[in-house]
Amino acid sequence: MRFLGLLFSNFKRHRLRTLLTILSIVVAFILFSYLAAIRKSFELGVSVANANRLVVRHKVSLIQFLPLSYEAEIERIPGVDLAASATWFGGIYKDPKNFFAQLPIVPEKYLSLFPEFVLKPEEKEKFLHTRTGAIVGRVTADRFSWKVGDRIPLQATIWRPKTGGDTWTFDLVGIYDGARKETDTSQFLFRYDYFDENRTFGQGSIGWYHIRVKDPKNAATVARLIDEHFANSPAETKTEGEGAFVQAFANQVGNIGAIVTYILTAVFFTILLVAGNTMAQAVRERTGELGVMKAIGFSDGLVLAFVLAESCLIASIGGAIGLVIGWLAIAAGDPTHGALPVFFFPLRDLIIGVFLILLLGVVTGLLPAVQAMRLNTVDALRRE
C-alpha cells in the first residue's frame, strides 16, 4: 500500500504533463480500436470461411464468366456434394456511393450452402416462389430503412434489362441475419432465373461457383480434380478455398491489413517517444529523491521495479481508458451507417490491445528504470 501511495504521489509532481501523456495514450488506443474494427470489416468474412467450401472461378480472371452447364459437371466430380452459382451484378441504389454486393443466385442451393444466413421460414418460402423476389442482409436493410414488402429499384451498370432503360425492380421478401457476428449481412440476393431471362446478353453464364465438398480433408484433391476436368476447355477453371477467394476479393481494394499495421506502427512509435521522454524527464527530476530512497534501504532492484511500475501504471490507465472508450463507441454503431459489412471490436484485437499496453509500459520505462537502478547514492545526494 505504501508503495502504491508513493507511486501515485509522483503523479502530483507535474499533473499537466502526466495528464497529457495519459491522454495521448488514450487517443492512441481509441484509434487502435477503430482500426481493428475496420480491418475486420475488410476481411469480408475470411475468418468464418468454411473449410468444406471451395470456389470455382475462371482461370484467367474473376471478371471472366463460366458456363452454367459446368454446374452439373462439377457435381459429378468425386468428392463434391453440392454446387451453387453466383454472379456480380454491380447495380446502383440511388447513388454510386451506396455500395453493397448484389448477387443473382439459385435460392435453394445457395441458402443450403450458406446456413449462416438465417432467414425466417416463411420468408425463405416466399423467396423460393417469387420470381422477382429478393432478400437482403440486416446491415443493408437497416442502412436504407428497408422492410419486407418494399420494392427495390437498382440501376444497372453492366446488366441492362430487356424491358429497356437501366432499372431493375425487385420485391423484398426477406431480411436475413448472421448466425455469427462475423457473418456478412450486407449482401442483396435475388433469383438467377429472373436475372438470366431478362438480361440483354450473357444468358447461360455465371460469375463463379461455390461448392461444398463431402470431406474437408479432401478439399485440395477435389480442387485439383475440378481444374483437371476443365483443362483445355474454352473456359478453364481455378479452384481455391473459400477463405483464399474472399481474401483475394478483399485485396482488390488494397491490403487493408498492411495499411492498418503501418498506421498503428507509426502511432505507437510516436507514443513511445512521448511516454519515454516523460519517464526519462521524471527520473532526472527525482535524482535526489531516488538517492534518498537508496540511502534508506531501497535496493537497486526495488528502484528498478518502482520506475517500471510507474511507467506501466501510466500506460495502463491511458490504455485501459482508450480501449473502453473505443469498445463503447464501436458498440454504439457503425459510423458509416452500414457501408461496412460488419463492424465490431474483435476479441482477438482486444487481447492484443492489452498486450500492447503492457509492452508500452515496459519499453518506455525500461531505460529510465535502468538509469535509476545504476544511480550512485552519493552522486545522487550531491545533486540534491
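**Entry 1: the model.** I am working from a predicted model.

**Entry 2: cavities.** The search gave two cavities of 30 Å³ or more. I then turned to the second largest cavity, which holds about 40 Å³ of space.

**Entry 3: the lining.** Which residues line the second largest cavity? I listed Thr21, Ala275, Thr278, Met279, Ser311, Ile314, Ala315 and Thr364. Next I asked which helices each supply at least two residues of the lining. They are H10, spanning 256-285, and H12, spanning 300-331.

**Entry 4: helix H12.** I followed H12 from end to end. The helix has 32 residues. From its first C-alpha to its last it reaches 46 Å. That is close to the 46 Å expected at 1.5 Å a residue. I also checked what comes just after H12. There, Gly333 takes a positive phi of about 140°.

**Entry 5: H2 against H12.** I looked at how H12 meets helix H2, residues 15-42. The two axes come within 7 Å. They cross at roughly 40°. Parallel or oblique? The angle makes H2 oblique to H12, because roughly parallel would need an angle under 35 degrees. I noted the hand of the crossing as well: H2 and H12 cross right-handed.

Key:
Residues are numbered from 1 along each chain as its sequence is written. This is a predicted model: local features need pLDDT of at least 70, side-chain atom pairs count only at pLDDT 80 or more; totals for chains, interfaces and linings use all residues. Side-chain values use heavy atoms; hydrogens and water are left out. On a 1 Å grid over the protein atoms alone, a cavity is a set of points where a 1.4 Å probe fits but cannot get out, and a pocket is an open set with protein on both sides within 12 Å along at least five of seven lines; lining residues have an atom within 4 Å of a point. Grid points are joined across faces, edges and corners, and a volume is the space filled by probe spheres set on the points. Helices (H or I, at least four residues) and strands (E, at least two) are DSSP runs, numbered from the N terminus. The expected span of a helix is 1.5 Å times one less than its number of residues. Axes are lines fitted to C-alpha atoms, for helices over the stretch in contact, and angles run from 0 to 180 degrees between N-to-C directions. Angles under 35 degrees count as roughly parallel, over 145 as roughly antiparallel, 65 to 115 as roughly perpendicular and the rest as oblique. A crossing is left-handed if the near helix is turned anticlockwise from the far one by less than a right angle, and right-handed if clockwise.
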